[in-house]
Amino acid sequence: MNSQLNVPKIIVDTDPGGDDSFALLWLQSLAKQGLADIVAVTAAAGNVSAKRTFQGASRLLQLGGFDAVEVGRGVCRELEGIGDAAYIHGLDGMGNLCQTLPASPRSFDTARSSDDILIEKLQAMPGEITLVAIAPLTNLASAEKKSPGILKRAKEIVIMGGAFHTPGNVTSESEFNIAFDPEAAQTVFASRNDLIIIPLDVTHQLIFTPTMAAQLHRPQTKRPFTPRQSQLAQFITTLCDFMTQTALAYRETQGLPGFLVHDAATLAYVFYPETLAFCRARVNVETQGIWTRGKTLIDSRHRAKSSANAWVASTVECASVLAIMLEDLKHLVQTIE
Ligand SMILES: [Ca+2]
């Protein structure tokens, strides 16, 4: 049997984002190893504006050599509420490093809309695509509204989002990806009954440190790094340093030097599923609350339920996930042209 048949076909819906950047680089490493097929990247408004996330995603793909992957432009909605997260990720979403990355020929002005790309790809390959959603769910909800039932055509939808038994990270109750567009989240939560949700409860344990990043600078052969290899290693360490400073300032890591690679946990699920455990649940999102808008809820009472819609990650093997990600990032640095 051709093992390529089993290579996951991935669309990443993303709003780079420091942790998105790590996820996109990790995925590019897996694709270079023949373990993933990147079908498209759909940028989303979120951490920063749709235009900036488009540019960030485009340049990250250029850096890894994935010039041919289409990038969508995020659906824009007038949203009141929490606003973006440039205070954490930098004005460009990437520690103000985006301009240091190779320019991309992709144009925001002529790019297709992310929801249209989702619809086209899911229609063309029903049951085949794993949708990795690491941004506010605006694009996915828009696709579902334009083409009802389209999200059921994904093989699987893996979402980084929500906070259940831990405080939120943008309000006392709410996690950013859900709180940015709670109505979109509710649309997606209603779209199918087997969503994979990786919440803050597990991702707030995943602290990637500058010491880990420093390991990327060591060539594993006698040959010195090429300029592109040095550029990639330098980008990762400088971004890690920037994110570490804001993580400490916003007290996200209990004073430990490092930053939370929330979004990368979705790839741990897809490619290293033994590192996570899950609970079956019915997940809803509060769209009305004055203090709790964007809060994700599970009814934990032992009363019969027939409408579970998700598998929610409950534990993660942190050391393993971080070590695996670091090794895959090393592979990308070592093998980039
Ligand atoms: Ca993100």
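**Close-up views of a predicted model**

View 1. Cys98 sits in the loop between helix H3 (86–89) and H4. Leaving aside residues up to four places away in sequence, Cys98 touches Gln55, Gly56, Arg59 and Asp92. For a sense of scale, look for Lys305 too: Cys98 and Lys305 are 207 residues apart in sequence, and their C-alpha atoms are 47 Å apart in space.

**View 2. Asn96, a residue with positive phi in the loop between H3 and H4.** Asn96 is found in the loop between H3 and H4. Its phi is near 60 degrees, a positive value in a residue other than glycine. Is Asn96 exposed, partly exposed or buried? Asn96 is partly exposed, because 15 other C-beta atoms lie within 10 Å.

**View 3. Arg251, an exposed residue with positive phi.** Follow the chain to the loop between H10 and strand E8 (259–260), where Arg251 lies. Arg251 is not a glycine, yet its phi is positive, at about 55 degrees. With 8 C-beta neighbours inside 10 Å, Arg251 counts as exposed; the label applies because the cut-off is 12 or fewer.

**View 4. The cis peptide bond between Pro16 and Gly17.** Here you can find a cis peptide bond joining Pro16 and Gly17, with omega about -15 degrees. Gly17 belongs to the loop between E1 and helix H1 (18–32).

**View 5. Helix H5, a mostly covered helix.** How many of the 9 residues of helix H5 (residues 138–146) are buried? The count is 7, which leaves the helix mostly covered. The buried residues are Thr138, Asn139, Leu140, Ala141, Ser142, Ala143 and Glu144. What covers them includes strands E1 (9–14), E2 (37–43) and E4 (129–134), together with helices H4 (114–124) and H7 (182–189).

View 6. Strand E12 (residues 310–316) is mostly covered, with 5 of its 7 residues buried. Strand E6 (residues 195–198) runs parallel to E12, and 3 bridges join them. To find this pairing, look for Leu195, which stands opposite Ala310 in E12. Strand E9 (residues 276–281) pairs with E12 in the antiparallel sense, over 6 bridges. In that pairing, Cys279 has Val312 of E12 as its bridge partner.

**View 7. Helix H12 and its buried face.** Helix H12 (residues 318–335) has 18 residues and reaches 26 Å from its first C-alpha to its last, close to the 26 Å expected at 1.5 Å a residue. Its buried residues are Val321, Leu322, Met325, Asp328, Leu329, Leu332 and Val333. Seen down the axis of H12, these buried residues fall within an arc of 145 degrees, so they line one face of the helix. On the other side of H12 are the exposed residues Ala319, Ala323, Glu327 and Thr335.

**View 8. Helix H10 packed against helix H12.** Two packed helices are described by the angle between their axes and the distance between the axes. For helix H10 (residues 227–249) and H12, the angle is about 150 degrees and the axes are 8 Å apart. That angle makes H10 roughly antiparallel to H12. Gln229, Leu232, Ala233 and Ile236 of H10 make the contact with Leu329, Leu332 and Val333 of H12.

How values were computed:
Residues numbered from 1 in each chain as written. Predicted model: local features only at pLDDT ≥ 70, side-chain atom pairs only at ≥ 80, totals over all residues. Helix = DSSP H or I, 4+ residues; strand = E, 2+ residues; numbered from the N terminus. Expected span 1.5 Å × (residues − 1). Buried ≥ 20, exposed ≤ 12 C-beta atoms within 10 Å, placed from the backbone. Arc of directions from axis to C-beta. Pairing = 2+ DSSP bridges. Contact = placed C-beta atoms within 7 Å. Axes fitted to C-alpha atoms, helices over the stretch in contact; angles between N-to-C directions. Parallel < 35°, antiparallel > 145°, perpendicular 65-115°, else oblique.
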